Each structure stands twice: as structure tokens, then as C-alpha cells.
Amino acid sequence: MDAIQVMNLTFSYDGQNDVIKDVSFSIPKGSYTTIIGHNGSGKSTIAKLLIGLLPAKSGEIRILGKTLNEESVYELRNHVGIVFQNPDNQFIGSTVADDIAFGLENHCVPQEEMQAIIESSAKKVGMMEYLDSEPTKLSGGQKQRVAIAGILAIEPEIILFDESTSMLDPQGKASINAQIKQLHTQKDRTILSITHDMEEVAQSDFVIVLKDGEVAMTGSPMEIFAHAKEMEEMKLDIPFALKFSKELIKEKITDQPVCTLEEVVKQLCQLKSTT
Amino acid sequence: MSIEINHLEHVYNAGTPFEHSALHGIDLSIPEGKVTAIIGQTGSGKSTLVQHLNGLLIPSAGTLDICGFHIQPLLKIKDVKALRKEVGLVFQFPEYQLFEETIEKDIAFGPKNFGVEEEKANELVKKILPMVGLDESYLQRSPFELSGGQKRRVAIAGILVLDPKVLVLDEPTAGLDPQGAKEMMSLFMDLNRIHNKTILLVSHDMEHVMRYCDHVIVLDHGKVLQESDVHTFFEHPEWMIKVGINPPAIIRLKLMLKEKGFLIPDEILDLDALVKCVREQVMLHE
Amino acid sequence: MNNIALGRYLPLDSKVHAMDPRAKIMILLFVMIAVFIPAGAIGYVVIGAFILACLFLSKLQIRFALRAMKPIIWMMIFLLVINVLVIKTGRPWIEWGWFSVYSDAVFQTLYIAVRLMFMIVLTTILTATTKPLDLTLGIEKLLKPFEKVGLPAHIIAMMISIALRFIPTLIEETQRIMNAQASRGVDFENGSLKEKVMSILSLIVPLFVSSFDRAEQLANAMEARGYDPNKQRTRYKVLKMHGIDRLGMFCSVCILGVCIGIWLL
């Protein structure tokens, strides 16, 4: 069964200009999918539609086989968590522990069970020592980790990331990307990440490219990056590792394009040892 | 004339329970006409240092010489407005400073504060708008209906219109998509190369620092940790990792290859040279 | 902006910090009422002693509490001038031609000053020793009985706690916008009336725009995390009354009793 199924989804803010136009895709359970696209391509609108913050104009969204509508939305939020872009504007509690507790309180988790859940979720994101810290004392990356902990506490099957690293410094970005990667290796959790970061795209299973509210391409990262011309037209970058890999191919050093630094190094090491 | 900073110290909320020392003993000489990067982790004192440059903060100790102004503790700068005209400071997420009904009025706001007549100010606006990649059709539009990247351009134009000699940019590409960031950086490069502005760039993005800057200053816990030209800086990346700076992808690749026994000279800093170097070593085996 | 002492939480480790916020609010309430009962000098000595004891137990420096009163010093001086000019009863202390100072004028001012001082120090102790969120939780629990008559105690508490959570963020934001506009030549201190209006606009408009932005994003985040103001929620923090809380409340009720006693007898 697919974790998310989107069928002929259309949406507009003003009722006239559609920002999402007849979009269809499905995301298999347990996969790690990234959505990319230039600014204004409708990426973030899709995230809001998927979590039921915006109502679709037409079309259907199914989460874990269930149709998303006004009646089912509260139920479905038990199964979908989202981490937004701005670390400050999603930190609701006055301390880390309070913030993780916020979701638990909303989902009526009994008070006696909360402390254990809060601690275990904080541990998972490495924020255990900060349980009593106030948000002003935390860096952007730490706040985003708290946001992830708040979602893990609810144990949703699907986690959405809506440009969650775009406001972070490189350390924060790297730590959140590592966190996402780690979440992906655990259990059969489905991850959908909207991002600009091509290094993150390179580590995902599946990519959806949006252009002006429509799905322009879908496929594995390598398949997407292979469309160099389209990517350039859409003002999307390719990862440095792939640029380097392409040069190696041009120089006839290697013949297989790869898109992570680890793979490049692996290829070169093999060449060095086999000769 | 370069910017000279001598033993600069800054203490926030001195004499209260919230006293906090942000800079201790900064000595720097920032070259004129160059692009200088200021890097350091959150809380290293970058923002505090930068706010001294146009007199928003007055040092607790030490002195600062910039554009003919001598700034020292306890002394109010006589003509702080004149200093702010010479040193343009663009804050992080500057789009949040827009407030006027039209883009023209918003950009003209600065010059008018400095006593420029409205007509003259509007002329300046017309001249500056193409520099940030917007045409005259934007003049009468509301800044609030623009996209994030465009808003930022308008905000930056609001500083550029003052024609400062020194331009200080605090994380100007934060939150922009890669394409937007690239365009923004090339705008600053034009300002440096064509209009000969001294540029100080506070940045986390090592790719930008490597590609666009001439000079690098590293701050750590309110002290200058390193100051060098950009090549020397990236030729010795090991300590960068020690301080917790994520090096650019090419440097990371170099380090990874070195670890696997490849011999890569320190001075190789671009893709083509690295490919060539690797090629020689792989082919050598064949 | 960082110098404000009134309303600021100081993370210290003291007996008062550890008290139940409900007890602290009730004590504040009782003593405040006592302050307003005209119980003469003895009443004030009793209340003053209690407040000093609280200050001591809370490990707050007297300097910190006194700084909280800075804003009212000018008000007091103004009041003294008015009183000296208006009140002409009691014993005359100074008489220089038309100018005279009567004892009642000074006492009257002193009387108001002491009351105000007590109130400010009490409130400072409460806010300095209680985390904002605990304070709201205390208020919420105390208002709980009124839910039956339609008072949305939970929603009020949520509103207060979010407002408190965002105060530091907004102060930071204000400072940043002021700096940004100052860099565009705005002078927030001097200038003609027209310039002043413009400089305030240049601060207020961006602040509103970004606050609305924040509010919308925050509302989205809260909704996405399953928040519905009309739904039942469980609570993470539970409040517990201890011996010291009961003792404190008992003392404050006694003080109130003593003051009422002196007043009536």
C-alpha cells in the first residue's frame, strides 16, 4: 500500500490562478522521497495540502489508504508529522520538554506516560541534555531537532519536512540531514522532504520535480540529474559530486555517473587498486 | 583606506546580572576594495563586530578607524549619519525592513533620511533598481506583493542607493534557493569589481567564501582565530574541521581522497585541477 | 531593553522558586489586599517584614528588586510636587512666603510610595521566581472553577503562554528592525514631528508584517501538531502543593487578618 497517494490534485489561493495543477503521484510506504522545484513551484503548498492545512480545490489525497477530508483530518494527523522551515515559529513550549509535550497533550497521551516518551524522543535527536532549555538559548539546528523530537513522540508513520534546513547554518543543515537519513533507516517510516539541498536529494530514494505547480519529472536522483538541460532550465543545481563524476567520465577515467562524494571516492579507489 | 580595528572589546549589559562579553581584544585590518569574509559559528561575535562598523554599537574598549571616522569608547560619534552613509549595513533577512506603499518610496526612504530632495532621491532609485536586477515597472508596485528573493533585492537596493563606500552584508543569501543565492552573489561581485566597493560578507556558506572572497577572517568566542587570504585559508582545511566549519564539497572530496592514499597538493582548489590530478594518479597505474 | 527587571524570570535555586505557582499567586493576592487596607504603621511593618523574608528566601538581590522600581521614581517625585502644592493640612514644616510644605503632604506621598513599592516588589518576586509557563499554568488551574460559568480558562492560558514565549523573540526582532532602519539613516531620538512619525512607521509596519507572518506559521504548526482549542487535552505539567506552600498561604492569610483586625478595631 502507498503511504501517500495524490490524485489529480488542484489548488488555488484565490479561486482563479491554480498554483497546483492536476498533480498526481504516489509515495510508497517506507520510502524517502524528496520534492524539488524552483521558488514558487508550489512545493510548500503541496506540504500544506498533505497535512490538511489547506483544502484542495479538486482531486483527492489518500494517506495510508484513507481519504483526507474535514472529518478524517484530525485522525490522520496522528499518522503524519511535519517539520516546517522556520525553527522559531514552530517552537510552542517555553522549554524543550514542554515543546515535545505539546503534541502529546493534544493527542491526549496520559500524563504518567509523558516523561518517558519525552525523554526517549529527545534522546533520539540528541537533545537529552537540553530538556529544560528555553528556545532563545538554542541554535536553529537544535530547535529543528526539537521539532523532530516532538513529532517522533507521536510516532507517526509519515514525516514531512518542509524546507526544514533552509534557514540553518551548515552545521545545523548537516545535523538535520544526518537525522533524516537515520530516521529513514529505522522501521518502515515514510519520509517526504521538500528541499533545495541537492546533497539531500542525492541521498533520497525517489525525487519529484515540480515546475509551475505541475509535476515535471519523477524518478531516482540519478535519473533526475541525468536531465541536465531540463534541470538547468528549471534553475536547479546538481550536486558537486555529480559534476565531478561527469568530468571524470568526460576524461574517460570512469564510465558510471554517481552523485555522492562517497561513491566518487569508491570508484576512484577501485580504479587505483585494480590497475 | 583600510578599516583598522585595535583591541576592540564589547560587553553587553555591563554592570547588570545579564552582563555578557561578546568581543575580547579584536585586532584586524580589513583591506580596501576587497571582498572579505567573516566566518564563525553562531555566537562567535560576528554580528556584534559588524554593528560596530557603522556605529550601531560603540566599543567598550579599543578603537576603530573606518572611512575617516575614529570610533572609541564612551564617545558618541559626532556625525553618526555621515558614517552610516559611508558604511552600508545590510542585515540578515533585510526583506523585513520594508514598510512603504511602493518600492520607489521604500528605496528613496534612505536618501531622504540623509536630506536628499524627493525628486533627486527618486532619480537615484531609478538608477539603482537595474543594479539589483529589477526594472522600472516595479517602481510603483507594493514591496509586499513580491517574492522573497525580490523583496530582498529591494531591501538591498535601499542601502545601495546611499552609495556607501563599504558594504557590510550579514548572511545575504540565507534562505534563498541556490539560483537566487548565485544571482545575489554575482550582484555583490559586480559592486566590488565595477563599482569598487569594499565588501564585508558575513557568511556560513564556505562555497561562497571560496568562490567569491579575497580575504577570510575567522571569529571564535569573540576572538580572531585566523586571518588570511582565501587561498591560504582553503589550502589548509584540517583545522577548519577542528573548529566545526563544514568545508566546501571540493575540499571534503580532497580530504576523503587523501585519506585513501591519493596525493593531492594543497594548492588545488578547483574542479578541473582536481580532475587532472586524480587522472594522473589513476592513469599512472595503468 | 535587556535591563528591565520587572517581570523577568531569574533562574535561581531557592525555596521560593520551588513553590507551587498557585500558592504564590494566592499569596500575592492576599498580601496585595492587605497592602490596601489602611492598617497604619504596624500593618506596613508586618507586610514589609514578610516581603523582606520572601526576598531573602528567594535569594534575589535587593538591588534587583529596587531596580524594578526605577520607572516609578519620576512618578513619585511628580506626586510629591502635586501633593506639596495641594495638601495644606497637618503641621506646617516649611513656610517661605507663599511656598509651604505641610506634614500631611509628605506623609500622603510616602504612604502611596510605600504601597506602590510593596506591590512592585511583590510582583517582581513572583515573576522572578516563577517561569512564565508555570505562572500561566497556575492561573489556568486557579481559573478552572470559573470554566463552569463559561470562562475559557484553557484558551486564556494558552494565549498568555504563547505571548510570553514570543516576547523575547519580538524584542529581538524590534531591535533588529531598529538597527536596520538606523542603518538607512533613521534617527529614533531626534527629528521633526514628521520625521518622528516616519521613523515610528518604519519600525511598526515591518514589526506587524513579520508578527502576522509568525502568527500564521505558528497557527499552522499548532494545528499540524493536532491542536484544537475545543478538544480535550491532557497536561504534561502537574502542580503539587507542599508544606511550604501551605505555610506561605497561611502566613499571608494571617497578615491579611492582622491588617483587617487593626483596621476594624
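How many bridges join strand 9 of chain B to strand 10 of chain B, and do they run parallel or antiparallel? There are 6 bridges, and the two strands, the latter spanning residues 223–229, run antiparallel. Strands here, like helices, are DSSP runs numbered from the N terminus (helices H or I, at least four residues; strands E, at least two), and two strands pair if DSSP finds at least two bridges between them.

This is a predicted model, in which local features need pLDDT of at least 70 and side-chain atom pairs count only at pLDDT 80 or more, whereas totals for chains, interfaces and linings use all residues. Residues are numbered from 1 along each chain as its sequence is written, chains are lettered from A and ligands numbered from 1 in the order in which they are written, and side-chain values use heavy atoms, without hydrogens and water.

In the hairpin, B:Asp220 has B:Lys223 as its bridge partner, and B:His221 takes a positive phi near 45 degrees. Strand 3 of chain B runs parallel to strand 9, joined by 4 bridges; there B:Ile39 stands opposite B:Val218.

I turn to the interface. Chain C and chain B bury about 2,300 Å² (accessible area lost on being put together, 1.4 Å probe, summed over both). C:Arg176, C:Ser183 and C:Arg184 supply 31% of the area that chain C buries there. The count is 1 salt bridge (Lys or Arg side-chain nitrogen within 4 Å of an Asp or Glu carboxyl oxygen): C:Arg184 meets B:Asp106 at 2.6 Å, N to O.

Note on methods:
Buried area is the accessible area (1.4 Å probe) that two parts lose on being put together, summed over both.
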